[in-house]
Amino acid sequence: MLLTLKEASMAAGSPSMAVAWWSLLIGSVVGVPSAEATDHPPAGLPPHARAAVRAYEANAGIPAFARKYGMKCSACHLAVPLLTPFGQAFRDNGYRMKNGTDDLRANEPGYWPLFAWLWKDYQVDVDRVAGQTVQRQGGFANGAFVFGGMGSISDKVSFRMFPVIYEDGVTFAGHGWIRYNQAFGTDWVNIKVGQSELDVPINPGREYNMGNARFAVLYAYTVPGSVSRFNVLFPQPGVEIMGHDRGSRNRYMVNVFDADGAPRAHCTFCAPGVFGRVTHRHDLASGFLRRVQVGAFGAYSTWPVGPDTSDLKGQRRFGGDVELWLGSDVLPFRVTVMGLTGRDDRALVATATQDPKYNAALLQLEYVPKLPLVFYSRLQIIRNQRQAVAGRPDDYGDQDFQLVGVRHALELTSRFAWLLELTYWRQTIKQVAPGTNATHQQLWIGSHLLF
């Protein structure tokens, strides 16, 4: 039930209680237990570490791969983590060059497919409700240390595994996978088993702010009141089949999974789901428009309801994206536009009278004025088209998100990378109470070391 500001203040009591009350209220609007509105991670992992895990996935292997193949990092990256077409093809090939140098026996004895990564940041957070500041805090956040392995160990086998050691003492054995490359002798069939990220546009490998769990709000959005924790942002355990042509101009990926975090009791495949994506890229030889990529993706997942977890209810997510490279192949201005629509079964929301539905959109701009410097910005909007519970305002739970940032690599060699980054972002959640919006703002300054 929605409350007025006066009723909220009376319910909260002291100022400290008011802060906690508003955090719970905002969380209830977006369907999570706190104001960490887009964080639905595995239990037991702290929020900052969860963000670190997602951000690390594609970035940490940079120096290790450069060491293995004796190449500069700029072969695969314009500005970390922005991938070149060559870098995308390298990733699609299972982190292989396919030139006879992928097998560990072909490398120097001193090379091992290992990496390490250290992250630290200072951040200032401000929460405002109805135009009034209810919380302001700043300080150095707990960082994380990662030591793991990723890459190819033979022509046919690639892998990834890494644990995250967090500063507060929590150790998390991160998700990993094993991939069999070129099954049946073709690039169109590669099989991956384990817990892997879904191939969404602006995926975790393209995340800039490594401490920002809200880098893709629309992926992690949950309709207000839903009991489901599934979203396309987080890795899912299952089997992935992907394929591509030469140069990865045409790609596809299908992932069959059992939704991570779903309740398990009287079931063997408790929350089955499927995700798929196709993309096509067209490169132009001349002109201001250098590259165009279009894609489409979709997911259907289930989530158990009821005491015995045997009653499965569905969730649908469908979207499309267009990516443009402008100006230069070497120093591009990249524009990404994406749309997404989602629909949940009404049984996932208590007291629901109809299936909730929402629409979302994203615009991301990236500019590389010189190597290895990148400026970026991101706009996101989420609009609920149909509320699950009768009587709720049409804009209940709607969100707006804006982010701007800059990242510069002070060092980027085959031995290590040292990155500095500054971002500011602002998120607004609408109708946390009648006529009342809540806003969270963050200024983030971070440094990353990759080995």
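Predicted model: local features only at pLDDT ≥ 70, side-chain atom pairs only at ≥ 80, totals over all residues.
Let's start with confidence. The mean pLDDT of the protein is 78, and 74% of the residues score 70 or more. Residues 1-61 are another story: the pLDDT there is below 50. Even so, that stretch has 140 contacts in the model beyond near neighbours in sequence.

Nonpolar side chains tend to be buried together in soluble globular proteins. In this model, the largest nonpolar core has 39 residues. Which of them touch the most other members? They are Leu218, Tyr219, Phe230, Val232, Phe275 and Ile382. Several elements each supply at least two residues of this core, including α6 (217-220), β9 (250-258), β11 (289-305) and β16 (399-412).

Take Phe275 and skip its neighbours within four places in sequence. Phe275 is then in contact with a set of residues that includes Leu198, Val200, Val232, Met253, Phe257 and Phe297. The list also holds Asp199, Asn255 and Gly298.

**A pocket and the residues by it**

Rolling a probe the size of a water molecule over the atoms shows where empty space is left. The second largest pocket holds about 320 Å³ of space. Its lining has 16 residues, and those nearest the centre are Phe86, Ala89, Asn93, Arg246 and Gly247. Helix α5 (residues 85-92) gives the largest share of that lining, with four residues.

Asn93, one of the residues nearest the pocket centre, sits in the loop between α5 and β1 (114-129). Leaving out residues up to four places away in sequence, Asn93 touches Lys98, Arg179, Asn181, Asp187 and His244. The side chains of Asn93 and His244 are joined by a polar contact of 3.1 Å.

Beyond its neighbours within four places in sequence, His244 is in contact with Asp92, Asn93, Asp187, Trp188, Asn190, Asn250 and Arg251. His244 also shows how the chain folds back in space: Val189 is 55 residues away in sequence, yet the two C-alpha atoms are 8.1 Å apart.

| Residue | Relative accessible area | Class |
|---|---|---|
| Arg407 | 2% | buried |
| His244 | 2% | buried |
| Asn93 | 11% | buried |
| Gly261 | 34% | partly exposed |

Why does Asn93 count as buried? Because its relative accessibility is 11%, and the cut-off for buried is under 20%. Gly261, at 34%, counts as partly exposed.

Arg407 is found in strand β16. The Arg407 side chain makes a polar contact of 2.9 Å with the side chain of Glu421.

Gly261 belongs to the loop between β9 and β10 (272-283). Not counting residues up to four places away in sequence, Gly261 touches Arg229 and Trp303. Ala271 is ten residues from Gly261 in sequence, and their C-alpha atoms lie 9.2 Å apart.

Terms used. Residues numbered from 1 in each chain as written. Heavy atoms only, no water. pLDDT = per-residue confidence, 0-100. Contact = heavy atoms within 4.5 Å. Core = buried A, V, L, I, M, F, W, Y, C linked by side-chain atoms within 4.5 Å. Buried < 20%, exposed > 50% of the residue type's maximum accessible area, 1.4 Å probe, protein only. Polar contact = N/O pair within 3.5 Å; in protein donor to acceptor, adjacent residues only side chain to side chain. 1 Å grid on protein atoms, 1.4 Å probe; cavity = no way out; pocket = protein on both sides within 12 Å on 5 of 7 lines; lining within 4 Å. Points joined across faces, edges and corners; volume = space filled by probe spheres on them.
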